[in-house]
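Please inspect the sequence and the structure before reading each solution.

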Amino acid sequence: MGRFFLTSRGSWGDINPFLGLGCELQQRGHEVTLISNEFHRACAERLGFDFVPYATVSKYMEEQEANRDLGRPKAPPQSISHAERLHRWHFPELRATYAALAERADPRDSVVVARSWTLAGRLAQERLGIPLATVYISPPESTRLWVGVPLLLNRPPPSRWIYDKLCAPRIDEHFDQLYAFINTFRAEIGLGPVQHIQSSWFESPQLSLGLWPDWFYPRMAHWSPRMRLPGFVLHETRVDDPLPPDVESFLAAGEPPVVFAAGTFRSGGAEAYFSTSIEICRRLGRRGILLSESRAQVPSVLPDSIATFSYVPMHQLLPRCAALVHHGGIGTAARALQAGLPQFLVTLRFFDQPINAVRLIKLGVADAVHDEDYRADTVAPRLQKLLTHPRVRKACAAQARRMAGPDASGAACDALEELLADRSRSGPVPLQRAAS
């Protein structure tokens with residue numbers, strides 16, 4: 001049996017897939033360690049994982065507060081730039097994560113499973129010889145995978161050659177300078193400088209996992225031949241517990257409600273979103289459930305047809321609801337696909353959210369607006385159409401059948417175990433411990 005070190009950063013939507021992989025690996029007899037923010041310790045330890053923090057809860061909350069303006073077209077002047085974010089949060093986390101891997105992982109029995117932008121795993125692979133799987137939660141999270149209009153083309157590159165000749169130089173022109181701190185740290189641990197950081201270097205040459213099915217985001221010609229697409233890896237805490245009595249009572253008291261979720265990425269700043277959602281329910285004569293981590297984001301007085309809860313497992317809640325209105329995160333979208341629900345996405349102009357919306361609309365199960373266009377007069381009639389159109393119901397049922405396919409966690413962990421087996425067959429590797 002081996003030891004797997006999982007590392008990711010961000011909110012629950014960024015962490016949950018790694019918890020799902022960890023649970024599957026643990027069931028197979030492996031030791032699992034999660035390296036993440038202290039904010040996620042309790043959940044990791046409840047699952048039986050070892051846990052190593054790379055930053056304090058206060059750092060997590062600081063970044064979440066900064067996220068209130070991320071992706072908005074009219075961000076205030078005090079908004080933090082991408083370069084400042086890298087130096088304020090990513091670079092210190094890189095140092096701490098590398099130190100944890102250098103101290104605890106052993107190339108003879110360990111594998112690192114790292115989110116694409118947590119680059120300590122790539123450094124540990126190169127400096128310490130520890131096998132690495134790079135994990136993407138969705139293609140648009142990486143310029144490496146999802147290149148388009150900004151990079152000379154208005155469609156994905158049709159071949160790896162086109163990517164290397166036209167796209168990679170433009171990516172490198174921007175990102176190599178932005179990620180210069182990588183070379184600063186490489187010098188500290190005895191490695192020479194590297195180029196092509198975002199266009200090629202940061203992805204493991206051994207294995208990469210795209211945690212989506214190929215019918216949702218088809219494989220592109222320029223992706224690595226080592227990329228595997230096992231499907232959506234879905235995980236929720238306390239998923240087997242019964243629904244809380246207050247949730248159960250509300251669901252039983254009337255017609256299936258519409259669920260409104262702001263998403264854990266934006267744990268603050270959702271007051272206007274929830275106020276608009278209540279007005280949408282009023283106009284449609286629908287009951288609603290507001291999912292908010294903070295009761296302060298929801299009006300203090302709610303009509304009897306509206307309930308608010310801080311957390312309810314989507315796996316249990318959504319099959320008993322009429323529709324889901326959400327931020328466009330791929331994990332939340334996958335849960336709605338699994339439940340066969342229509343979705344209305346309220347996306348930021350940020351990362352994968354608007355592109356996930358395009359994919360869901362193409363599948364016939366969704367409609368979408370950008371965050372700044374979320375108004376009751378605009379959204380209510382469009383949501384009503386989703387709720388009542390026979391073609392949408394048929395499309396939702398078809399996608400739910402697709403979601404009932406083979407277990408993605410199992411397929412992903414089969415690939416991770418191959419990394420371990422490859423190392424075992426190759427024999428012992430001399431340990432290279434560098435200053436951390």
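**Exercise 1.** Determine in which hand H4 passes H5, and how the two helices are oriented.

*Solution.* H4 passes H5 in a right-handed crossing, that is, with the near helix turned clockwise from the far one by less than a right angle. Helix H4 spans residues 82-104 and helix H5 residues 120-128; helices are DSSP runs (H or I) of at least four residues and strands (E) of at least two, numbered from the N terminus. Their axes, lines fitted to C-alpha atoms over the stretch in contact, are 9 Å apart at an angle of about 45°.

The model is predicted: local features need pLDDT of at least 70, side-chain atom pairs count only at pLDDT 80 or more, and totals for chains, interfaces and linings use all residues. Residues are numbered from 1 along each chain as its sequence is written, and side-chain values use heavy atoms, leaving out hydrogens and water.

**Exercise 2.** Is H5 largely enclosed or open, and which elements do its buried residues pack against?

*Solution.* The buried residues include Arg-122 and Gln-125. They pack against H4, strands E4 (110-115) and E5 (132-136), and helices H7 (180-188) and H8 (197-201), where contact means heavy atoms within 4.5 Å. Just after H5, Gly-129 has a positive phi of about 75°.

Note on methods:
Axes are lines fitted to C-alpha atoms, for helices over the stretch in contact, and angles run from 0 to 180 degrees between N-to-C directions. Buried means under 20% relative accessible area, exposed over 50%, partly exposed in between (1.4 Å probe, protein chains only).
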